[in-house]
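Please look at the sequence and the model before reading on.

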Amino acid sequence: MTTSTIPDAPAAPRSDVRARAGRAAVATGGGLLLGVLTNLAQGWLPDAWQQLPNSGAVWSTVAFAVGALLYRHERLLQAASGGAGAEVGLVLGYYGYAEFGRDGAGSLFFPLVWLGLALVAGPLFGAAGWWWRRGRDTRRRVAGLGAFAGLWGMEGLLYAVDLHHIPEAYTCLALFALIPLLMARDHRERALTLGAAAAFSLIAYAVVVVPLHMVSA
C-alpha cells in the first residue's frame, strides 16, 4: 500500500511579497503623514472649518483612495487591509503630533476610541474603494460609491443639525451629491448611488455620530 502526499502550495514570488510590503508601507506611512497634516490643518483653517480635517469623512476618504488606487490590481481582502493600515496611520500621526508637537494629547480615551473606529472604517472603506474601481456588477459599485458619498452626507447632517455651521454643512452636502454624479459610470448608477448614499448617511449618523455625542457628553 502506498501513500501519497499533497505538495505544499507554491510560495508567493519574492517580488510579489516585496510589492505587497511596499504597498502596505505606502498606505500606512501615507496615513501617518496625513494624520500629522490634518492636525496642522486645524491650526491653519479659520473658525468652524478647523474641525473638518479631523472628520470621519476626510479620514475615510484616505482609506477609500487606498483601496481604489493603491490596491486596484490586488484582491479585495488586501484592499481592506491597506485601508486599515491607512486609517491606523492617520490616528497615530494625528495624536502622535498632538503629543509630541503640541501640548500633549491628554487622556488616552479618545485616541483609543478613534483607533477602534479606524479598525472598523479602514477595512470597510478600503473595500468600498476597491468595489467602486473593480466591482463587476452594478450592486457592488453602487454600494462602494454610495458608502463613500454617504460619509459626506453624515458630515453634512452633523454640521447642520448638531453644530449649526451652515457653510460647512453646504460644502459636505455638495460633496455628497457630486461624488455620485461625477464618479458613477452612467445615469442609472448615478441615481442608484444617490439613493444608496442617502440611506448610508442616515445609518452612519445613527451608528457613529449619535454614540460619539453620548460618549463626549
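This is a predicted model: local features need pLDDT of at least 70, side-chain atom pairs count only at pLDDT 80 or more; totals for chains, interfaces and linings use all residues.

Residues are numbered from 1 along each chain as its sequence is written, and side-chain values use heavy atoms, with hydrogens and water left out.

The chain has 7 helices and 0 strands; helices are DSSP runs of H or I with at least four residues, strands are runs of E with at least two, and both are numbered from the N terminus. Whole-chain values are listed below.

| Property of the chain | Value |
|---|---|
| Buried residues (under 20% relative accessible area, 1.4 Å probe, protein chains only) | 40% of 217 residues |
| Accessible surface (Shrake-Rupley method, 1.4 Å probe) | about 12,100 Å² |
| Share of that surface on carbon and sulfur atoms | 68% |

Helix α7 covers residues 187-216 and spans 41 Å from its first C-alpha to its last, close to the expected 44 Å, which is 1.5 Å times one less than its number of residues. At its start, a side-chain oxygen of Asp186 lies within 3.2 Å of the backbone nitrogen of Arg188.

At Tyr205, α7 bends by about 35°, the angle between axes fitted to the seven residues ending there and the seven starting there. Tyr205 is also one of the buried residues of α7, which include Glu189, Thr193 and Leu212. These buried residues pack against α4 (109-134), α5 (138-163) and α6 (166-183).

How values were computed: Buried means under 20% relative accessible area, exposed over 50%, partly exposed in between (1.4 Å probe, protein chains only). Contact means heavy atoms within 4.5 Å. A polar contact is a pair of N or O atoms within 3.5 Å; within protein, one must be able to donate a hydrogen and the other to accept it, and residues adjacent in sequence count only if both atoms are side-chain atoms.
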